[in-house]
Amino acid sequence: MNIVAAEVIVTSPDRNFVTLKLTTDNGLTGWGDATLNGRELSVASYLTDHVVPLLIGRDAHRIEDTWQFLYRSAYWRRGPVTMTAIAAVDVALWDLKAKAAGLPLYQLLGGASRTGIMAYGHASGRDQEELFDSIRRHLDEGFRSIRVQTSVPGIDAVYGVIAPAAASEHYEPAQRAPLPAEEDWDSRAYLRHIPTVFEAVRNEFGPELPLLHDVHHRLTPIQAARLGKSLEPYDLFWLEDCTPAENQEALRLVRNHTVTPLAIGEVFNTVWDYQALIREQLIDYVRSAVTHTGGITAMRKLLDYAAQYQIKSGIHGPTDISPIGMAAALHLDLAIHNFGIQEYMPHGPLTNEVFRQTFTFQDGYLHPGDQPGLGVELDEEAAARFPYQPAYLPFNRLKDGTVHDW
Ligand code: KDG
Ligand code: MG
């Protein structure tokens with residue numbers, strides 16, 4: 001099964017997506033997600049200009065060899081652009097191998113370890129009433145675990161809270177515009193407010209509901225330690241990205257002060273970013289995306305390493321992961337033993353026109369379906385109707401104008 005064509009498709013139905021299409025000499029098509037939010041065209045170029053020529057004529061069955069070849073032969077290792085490009089090739093090759101075998105991909109990863117994949121949804125509100133309504137809507141949609149984000153008095157725009165004018169209730173940070181939007185931040189106001197929100201949510205919705213919260217890298221280690229400690233009475237499922245992710249040492253300090261479970265890693269792209277975090281058991285959940293971390297081959301190894309320390313998966317699944325990347329995550333979730341939870345933000349209707357999907361969400365659980373391969377096919381005619389549009393994630397400034405982590 002040799003690769004005869006490799007093509008990069010950029011489309012922007014509800015948002016930008018980059019997809020790799022591989023075609024083999026036995027007539028199969030494999031798909032890989034190469035979407036890197038706000039930097040989409042860099043991965044498209046990396047693939048088209050530097051990787052596609054290397055793929056033509058290669059045996060599509062040689063997944064491990066292709067991964068090692070792309071990682072080592074470039075000389076320049078790691079980084080989000082490189083690892084997203086490698087992930088797209090890797091996932092497309094797994095799609096091809098599973099299609100050739102006539103099996104859903106999870107069967108090649110060892111088969112199902114569970115019947116369904118617990119998913120968490122994103123509830124948010126500008127005040128308590130809006131937040132409670134959003135949580136109730138998520139419960140009605142079937143979600144049984146919920147991430148809670150709210151506005152903070154004194155801050156105009158807070159990460160994870162839907163903008164007033166937005167059409168959908170699902171939060172989408174990247175905005176189509178020629179320049180990034182500027183938001184504001186105040187850590188002290190945030191630290192005062194968040195525990196009161198979780199107290200109110202627990203009082204209203206009871207002790208059972210798993211609740212999650214994302215800090216989006218905005219605190220210093222000691223501030224994060226204080227937040228974790230102050231949230232202990234509300235029994236969070238996890239506190240995510242409490243400090244900037246580059247500094248693994250920071251989590252040691254946080255860990256020394258709180259038993260609130262910690263999740264980190266959506267901006268990581270290799271196992272090396274987790275080396276101390278896993279070995280020293282400084283986190284509880286691995287948040288990497290299959291799409292940004294070298295694909296299924298690398299994620300499987302990373303999660304097997306985490307499993308030795310009872311650290312579980314919490315694979316990144318916002319809308320900037322395409323349905324192809326989402327399906328790849330679901331096959332892995334179903335197969336691994338140390339599954340924790342899966343993030344799930346449903347895509348918009350235009351995205352679902354472009355990406356024909358077979359995965360399902362029912363009673364709080366996702367399932368990748370049993371079609372051979374990933375179970376997602378891109379409709380190229382539909383994709384062509386939605387050309388790329390420049391879009392950026394926002395950024396933050398403090399009150400005095402200093403740029404802060406977003
Ligand atoms: O591209 C950035 C988004 O994926 C990010 O803002 C989403 O933090 C995020 C999450 O936990 O889903
Ligand atoms: Mg996050």
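Visitor: What makes β7, β19 and β20 a sheet, and what is their order?
Guide: Two strands pair if DSSP finds at least two bridges between them, and strands themselves are DSSP runs (E, at least two residues; helices are H or I, at least four), numbered from the N terminus. In this predicted model, the order is β7-β19-β20, an open sheet of 3 strands with mixed pairing. β7 and strand β19 (residues 395-398) are joined by 4 bridges in the parallel sense, which meets the cut-off of at least two. Trp185 stands opposite Leu398 in β19.

Visitor: Why is one side of β7 and of β20 left without a neighbour in the sheet?
Guide: β7 (182-185) and β20 (403-404) each have a single partner strand, so they stand at the edges.

Visitor: What is the average pLDDT of the protein?
Guide: The average is 96, and 98% of the residues score at least 70, where pLDDT is the predictor's confidence in each residue, from 0 to 100. Confidence is lowest in strand β6 (residues 175-176), with a mean of 90, and highest in strand β3 (residues 29-33), at 99.

Visitor: Why is the pair of Tyr120 and Trp238 called edge-to-face?
Guide: Rings of Phe, Tyr and Trp (its six-membered ring) pair if their centres lie within 6.5 Å; planes under 30 degrees apart count as stacked, over 60 as edge-to-face and the rest as tilted. The structure holds 15 aromatic pairs. For Tyr120 and Trp238 the centres are 5.4 Å apart and the planes at 85 degrees, so this pair is edge-to-face. Tyr120 in strand β4 (residues 117-125) and Trp238 in strand β9 (residues 238-240) are 118 residues apart, so the pair links distant parts of the chain. Ring pairs also link Tyr120, Phe237, Trp238 and Tyr285 into a cluster.

Visitor: Why is the pair of Tyr344 and Phe361 tilted?
Guide: Their centres are 5.2 Å apart and their planes at 55 degrees, so the pair is tilted.

Visitor: Are Tyr344 and Phe361 buried, exposed or partly exposed, and why?
Guide: Buried means under 20% relative accessible area, exposed over 50%, and partly exposed in between (1.4 Å probe, protein chains only). Tyr344 has 12% relative accessibility, so it counts as buried; Phe361 has 22%, so it counts as partly exposed.

Visitor: How do you know that a charge sits over the ring of Trp185?
Guide: The rule asks for NZ of Lys or CZ of Arg within 6 Å of the ring centre and within 35 degrees of the ring normal. The charged end of Arg218 sits over the ring of Trp185, 4.7 Å from its centre. The charged end of Arg15 sits over the ring of Phe17, 5.9 Å from its centre.

Visitor: What makes residues donors of the magnesium ion (ligand 2), and which are they?
Guide: Donors are N, O and S atoms within 2.8 Å of the metal (3.2 Å for Na, K and Ca); water is not among the atoms, so sites may look incomplete. Asp214 (OD), Glu240 (OE) and Glu266 (OE) lie 2.1 Å from the magnesium ion (ligand 2). Their spacing in sequence is D-x25-E-x25-E. Asp214 is buried, with a relative accessible area of 2%, and Glu266 is buried at 12%.

Visitor: What makes β1 and β2 partners?
Guide: Strand β1 (residues 3-11) and β2 run antiparallel and are joined by 8 bridges, forming a hairpin with 5 residues between them. Val10 stands opposite Val18 in β2. Strand β2 (residues 17-24) is mostly covered, with 7 of its 8 residues buried.

How values were computed
Residues are numbered from 1 along each chain as its sequence is written. Chains are lettered from A and ligands numbered from 1 in the order in which they are written. This is a predicted model: local features need pLDDT of at least 70, side-chain atom pairs count only at pLDDT 80 or more; totals for chains, interfaces and linings use all residues. Side-chain values use heavy atoms; hydrogens and water are left out.
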